[in-house]
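Please look over the sequence and the 3D structure shown here.

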Amino acid sequence: MSAVTRSRPRSNPVHWLGYGLVGIVVLFGVVSFFWTPYALSDMAGGRLEPPSAAHWAGTDRLGRDLFTQLMIGARIALVVGCGAVLIGGVIGIVTGVLAAFATRVADDALAAVFDILIAFPTLLIAMLVVAAREEASLGTAILALGIGLSPIVGRITRILTKRVLSKDYITAARVSGTGWGSIVFWHVLPNIAPFLGVNLALQFGLAVMAEASLSYLGLGAPPPNASWGRMLQEAQGTVYTAPWGALLPGLALFALVIGINLLADGLRDRFDPQRRDG
Amino acid sequence: MLAYILRRLVILLLSLVVAAIVLFVLLRLLPGDPAAALVGVGATPEQIAAAQAQIGSDQPLGVQFLAYLGDLARFDLGQSFVSRAPVIEEISRRLSVTLPLTFAAFTLALLIAVPLGILAAIRADSWAGLALSVVSQIGIAVPVFWLGILLVYEFSLNLRWLPSGGFPLRGYADPGKAVESMILPVLTIAIVMSASLMRYVRASMLEVLNSDFLRTARALGESHRGALARHGLRNAAVPVVSVLGIELSTTFLGAVVVEQVFSLPGMGSMLLLGIQQRDYPNIQGVLIVSTLLVLLTGFLADILQRLLDPRLREARR
């Protein structure tokens with residue numbers, strides 16, 4: 001390695017912050033299946049109450065408990081993020097690697113398809129799907145976001161793979177008789193994995209964000225699915241009198257996304273051989 | 001290079017045709033007859049039939065598709081069901097809000113992200129580099145509409161410096177008000193976008209800093225600074241340019257949400273309104289024009305990338 005490479009400690013406290021933040025959100029999301037302080041539609045409190053012992057995060061303008069809504073929101077964000085990244089990752093990586101290996105014509109065609117699909121970004125596709133289905137459901141949102149993410153993953157996989165394939169060691173491997181299948185598994189995938197892993201983590205964050213945006217626009221999964229995005233939309237009108245209502249869902253969304261990003265950084269530091277040698 | 005541009009141009013045109021087909025199919029998959037949406041609830045079958053004849057949805061799909069391609073070739077996007085105004089006029093009015101918003105935010109984001117990203121890479125070991133990375137991490141994770149709401153809370157409701165939303169009815173004929181109402185939206189987009197751009201700039205700069213060619217340049221007697229300026233920046237720019245196209249498109253379409261936060265009459269709110277009112281010509285128009293702009297951006301980014309990196313021109317495998 002060159003002299004400029006820095007040495008890094010194996011365990012970085014910042015990454016533990018990432019694990020911690022994601023852990024807290026996961027914990028609340030899981031607990032919400034078994035217990036929430038109130039029922040979701042229970043108008044137990046006064047209107048727009050500030051946080052108190054009875055309502056830890058205050059109440060909304062109908063007197064419903066905001067902490068309950070935040071917990072359900074955590075569940076929805078995680079389910080949507082996992083589902084969308086799984087769908088988008090599988091489709092994207094397979095098509096991206098195929099495109100990089102394909103003949104010139106097929107590669108151009110696939111690259112064009114990626115470009116076209118990226119031209120309909122995640123949020124737009126999801127909006128159209130919601131428009132198409134009279135009633136939006138969580139499943140449609142996941143599918144739409146997953147399909148929306150796949151061309152981004154595919155495009156980056158293709159570019160990264162081509163970069164690896166243009167290296168001399170691939171030529172050397174070919175000359176020494178290594179098959180294309182082995183090249184994919186022993187040279188391409190390990191080389192693109194760190195960058196791709198970071199990218200998939202970012203996609204998870206994007207999916208969570210896109211779901212929140214959909215809900216913010218009023219096109220998300222309908223009640224009783226309390227999404228952080230819809231909470232923000234409802235709170236925007238009363239932000240001056242009840243700022244906590246707009247502050248907390250955004251903070252939760254922010255904490256989850258930054259937690260995932262830090263966690264991805266931690267994984268990269270652990271698995272990227274170039275960094276490990278430092 | 002010329003051959004590449006021509007080939008890329010053919011791909012661009014083919015992409016447009018494919019996109020047009022995808023849109024045609026997608027919009028036909030939407031539930032309900034557009035003719036029924038045109039005449040509204042409670043219309044008699046005769047009225048619906050008349051509406052179908054008027055917009056041509058009683059024709060076979062093949063005929064409809066050819067008519068649709070013909071209209072597109074003449075840039076005729078039809079008329080809105082709701083306002084009866086030509087869609088293209090409405091779109092050009094909306095673009096006069098969305099395009100300046102996008103470009104102003106994009107430019108501001110670049111001005112912030114490129115110098116800070118390079119600095120964060122060069123000073124990676126110092127406190128400055130660390131602080132910049134933290135700021136960029138935070139910026140990436142901030143939901144854009146949340147940031148918008150927070151900025152409105154502080155600068156419109158608390159300090160009362162800027163309007164909390166809306167756009168002057170007379171548009172740019174009222175330049176002071178128009179610019180005022182753009183400041184917070186532009187800031188909102190630029191802050192979030194510069195954070196993710198900075199991350200790319202920093203990552204690609206770090207890769208260059210660790211590269212063999214830079215070490216060779218140093219070994220041949222160039223100063224660190226000189227080697228960076230002569231070889232480093234150009235190499236670092238290649239991967240950044242490849243994401244710029246995507247980032248610009250994302251900004252343009254991300255405007256959907258930001259326009260909603262600030263009640264700006266742009267393309268995003270036109271699409272949202274179109275979906276709510278089932279105004280198919282408007283939905284279709286917004287999507288076609290957006291697609292065209294995004295594909296053009298990708299085309300330009302690809303050409304720029306080739307110009308920067310000669311290796312891409314030769315290496316096919």
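A:I87 is buried, because 20 other C-beta atoms lie within 10 Å; a residue counts as buried if 20 or more other C-beta atoms lie within 10 Å of its own, as exposed if 12 or fewer, and as partly exposed in between, with C-beta atoms placed from the backbone. This is a predicted model, in which local features need pLDDT of at least 70 and side-chain atom pairs count only at pLDDT 80 or more, while totals for chains, interfaces and linings use all residues. Residues are numbered from 1 along each chain as its sequence is written, and chains are lettered from A and ligands numbered from 1 in the order in which they are written.

A:I87 belongs to helix α2 (residues 66–101) of chain A. Helices (H or I, at least four residues) and strands (E, at least two) are DSSP runs, numbered from the N terminus. Leaving aside residues up to four places away in sequence, A:I87 touches A:L143, A:G146 and A:I147; two residues are in contact if their C-beta atoms, placed from the backbone, lie within 7 Å. A:L27 is 60 residues from A:I87 along the chain, and the C-alpha atoms of the two are separated by 24 Å.

How many helices and strands does chain A have? The secondary structure of chain A comes to 10 helices and 0 strands. Of the 278 residues in chain A, 49% are buried. Among contacts in chain A with a separation of 6 or more, 71% join residues 24 or more positions apart.

Helix α6 (residues 168–175) of chain A is hardly covered, as the count of buried residues among its 8 residues is 0. Just after α6(A), A:G177 has a positive phi of about 90°.

The UniProt record, an unreviewed entry, places the feature "transmembrane region" at residues 16–35, 76–102, 109–132, 138–157 and 240–264 of chain A. UniProt positions are given in the numbering used here, feature names are shortened, and annotations may be inferred rather than shown by experiment. In the model, residues 16–35 of chain A are 95% helix and 0% strand, with the end C-alpha atoms 27 Å apart. Residues 240–264 of chain A are 88% helix and 0% strand, and there the end C-alpha atoms are 36 Å apart.

Next comes the nonpolar core. The term stands for a set of buried Ala, Val, Leu, Ile, Met, Phe, Trp, Tyr and Cys residues joined through C-beta atoms within 7 Å. The largest nonpolar core has 150 residues, and those with the most contacts inside it are A:V80, A:A126, A:L145, A:A207, A:V208, A:L232 and A:L256. The largest share of this core, 16 residues, comes from helix α8 (residues 175–209) of chain B. A:V208 touches A:A77, A:V80, A:G81, A:L253, A:L256 and A:V257, not counting residues up to four places away in sequence.

Chain B has 13 helices and 0 strands. Its C-alpha trace spans about 85 × 55 × 35 Å along the principal axes. Of the 317 residues in chain B, 39% are buried. Residues 24 or more positions apart make 68% of the contacts in chain B that have a separation of 6 or more.

For chain B, the unreviewed UniProt entry gives "transmembrane region" at residues 9–30, 101–122, 129–153, 182–201, 240–263 and 283–304. Residues 101–122 of chain B are 100% helix and 0% strand, with the end C-alpha atoms 32 Å apart. Residues 182–201 of chain B are also 100% helix and 0% strand, with the end C-alpha atoms 27 Å apart.

B:G245 lies in helix α10 (residues 224–261) of chain B. Is B:G245 buried or exposed? B:G245 is buried, because 22 other C-beta atoms lie within 10 Å. B:G245 touches B:T297, B:G298 and B:A301, again not counting residues up to four places away in sequence.

Helix α11 (residues 267–277) of chain B is mostly covered, with 8 of its 11 residues buried. Among them are B:M267, B:G268 and B:M270. The axes of helix α5 (residues 87–122) of chain B and α11(B) come within 8 Å and cross at roughly 135°. The contact is made by B:E90, B:R94, B:L95 and B:T98 of α5(B) and B:M267, B:G268 and B:M270 of α11(B). Axes are lines fitted to C-alpha atoms, for helices over the stretch in contact, and angles run from 0 to 180 degrees between N-to-C directions. α5(B) and α11(B) are therefore oblique to each other; angles under 35 degrees count as roughly parallel, over 145 as roughly antiparallel, 65 to 115 as roughly perpendicular and the rest as oblique. Just after α11(B), B:R278 takes a positive phi of about 55°.
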